[in-house]
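Please open the structure in your viewer and keep the sequence panel beside it. The tour goes from one selection to the next and says what is there at each stop.

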Amino acid sequence: KSSDPTMTGKTQTSNVTNKNDPKSINSRVFIGNLNTAIVKKGDIEAIFAKYGKIVGCSVHKGYAFVQYMSERHARAAVAGENARIIAGQPL
């Protein structure tokens, strides 16, 4: 992964979003109805980074999770991105 020249100087977020810390669950955002054939992890991070520091992002078939530092950032992301159309599908 580190050989990718586009990632130089950029800290990569973790793929871990399923921490068992009860406090972290409220700062996690589920993104459903996601066209993961087109939308990649970097795209999701670019869209959701404006709401706060992302500490983790995991992409699965049809959905993703974004883990923020704080619950406040997660709530802002949900409010700002709910029903947004990405790759022809509403989130």
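Two rings of Phe, Tyr or Trp count as a pair if their centres lie within 6.5 Å. Keep in mind, as you go, that this is a predicted model.

Begin by selecting F30, Y63 and F65, which ring pairs link into a cluster. The structure as a whole holds 3 aromatic pairs. In one of them, the ring centres of F30 and Y63 are 5.7 Å apart and the planes stand at 35°, so this pair is tilted; planes under 30 degrees apart would count as stacked, and those over 60 as edge-to-face. Because F30 belongs to strand β1 and Y63 to strand β3, the pair ties together parts that are 33 residues apart in sequence.

Next, select residues 54-60, which form strand β2, together with residues 63-68, which form strand β3. These two strands run antiparallel, and 6 bridges join them. To see the two strands face one another, pick V59 and look across to A64 in β3, which stands opposite. Which residue in the turn of this hairpin has a positive phi? It is G62, with a phi of about 90°, and the turn leaves 2 residues between β2 and β3.

N33 counts as partly exposed, at 41% relative accessibility. Then select A87, where phi is about 55°; this residue sits in the loop between β4 (85-86) and β5 (89-90). A87 is also partly exposed, with a relative accessible area of 35%.

Is S24 buried or exposed? S24 is buried, because its relative accessible area is 9% and the cut-off for buried is under 20%. Show the side chains here, and you can trace a polar contact of 3.4 Å between the side chain of S24 and the side chain of R28.

Notes. Residues are numbered from 1 along each chain as its sequence is written. This is a predicted model: local features need pLDDT of at least 70, side-chain atom pairs count only at pLDDT 80 or more; totals for chains, interfaces and linings use all residues. Side-chain values use heavy atoms; hydrogens and water are left out. Buried means under 20% relative accessible area, exposed over 50%, partly exposed in between (1.4 Å probe, protein chains only). A polar contact is a pair of N or O atoms within 3.5 Å; within protein, one must be able to donate a hydrogen and the other to accept it, and residues adjacent in sequence count only if both atoms are side-chain atoms. Helices (H or I, at least four residues) and strands (E, at least two) are DSSP runs, numbered from the N terminus. Two strands pair if DSSP finds at least two bridges between them. Rings of Phe, Tyr and Trp (its six-membered ring) pair if their centres lie within 6.5 Å; planes under 30 degrees apart count as stacked, over 60 as edge-to-face and the rest as tilted.
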